[in-house]
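Subject: Handover of a structure and notes on its contents

Dear colleague,

Please find below the structure that I am passing on to you. My notes follow it.

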Amino acid sequence: MSRFSEVKDLVMSLEADFEKFYDKGNQAAGTRVRKGMQDLKNLAQAIRTEVQDMKNAG
C-alpha cells in the first residue's frame, strides 16, 4: 500500500501548480504540472509491472 501512498502524495503535491496554471495562467506552473504528470506515468508503470510480477509469481 505504500505505492498507493506515493501516488496520492504525488497528486496532492501537484494541486497548487494545477491551480496556478488553470486559474491564473502561470506558464511555469504548467511546466511543473507536465513534469509531475510524467512522474505519475512512470510511477504507474512501475506499479503495473510490480503487480504483474506478483500475479505471475503465484
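This is a predicted model: local features need pLDDT of at least 70, side-chain atom pairs count only at pLDDT 80 or more; totals for chains, interfaces and linings use all residues.

Residues are numbered from 1 along each chain as its sequence is written, and side-chain values use heavy atoms, with hydrogens and water left out.

Helix 1

Helices here are DSSP runs of H or I with at least four residues, numbered from the N terminus. Helix 1 covers residues 2–24, and its end C-alpha atoms are 33 Å apart. This agrees with the 33 Å that its 23 residues should span at 1.5 Å a residue, the expected span being 1.5 Å times one less than the number of residues. At Glu15, helix 1 bends by about 35°; the bend is the angle between axes fitted to the seven residues ending at a residue and the seven starting there.

Buried residues

Leu10, Leu14 and Asp17 are the buried residues reported for helix 1. Buried means under 20% relative accessible area, exposed over 50%, and partly exposed in between, with a 1.4 Å probe and protein chains only. The buried residues of helix 1 pack against helix 2 (27–57). Asp17 has a relative accessible area of 12%, and is therefore buried. Leaving aside residues up to four places away in sequence, Asp17 touches Ala29, Arg32 and Val33, where contact means heavy atoms within 4.5 Å.

Aromatic residues

The structure holds 2 aromatic pairs. In one of them, the ring centres of Phe18 and Tyr22 are 6.0 Å apart and the planes lie at 10°, so the pair is stacked. Rings of Phe, Tyr and Trp (its six-membered ring) pair if their centres lie within 6.5 Å; planes under 30 degrees apart count as stacked, over 60 as edge-to-face and the rest as tilted. Phe18 and Tyr22 are 4 residues apart in helix 1, and so are separated by about one helical turn. Phe18 is partly exposed at 29% relative accessible area, whereas Tyr22 is exposed at 59%. The rings of Phe21 and Tyr22 have centres 5.1 Å apart and planes at 80°, so this pair is edge-to-face. Phe21 counts as partly exposed, at 27% relative accessibility. Together, Phe18, Phe21 and Tyr22 form one aromatic cluster.

Yours sincerely

Technical notes
Helices (H or I, at least four residues) and strands (E, at least two) are DSSP runs, numbered from the N terminus.
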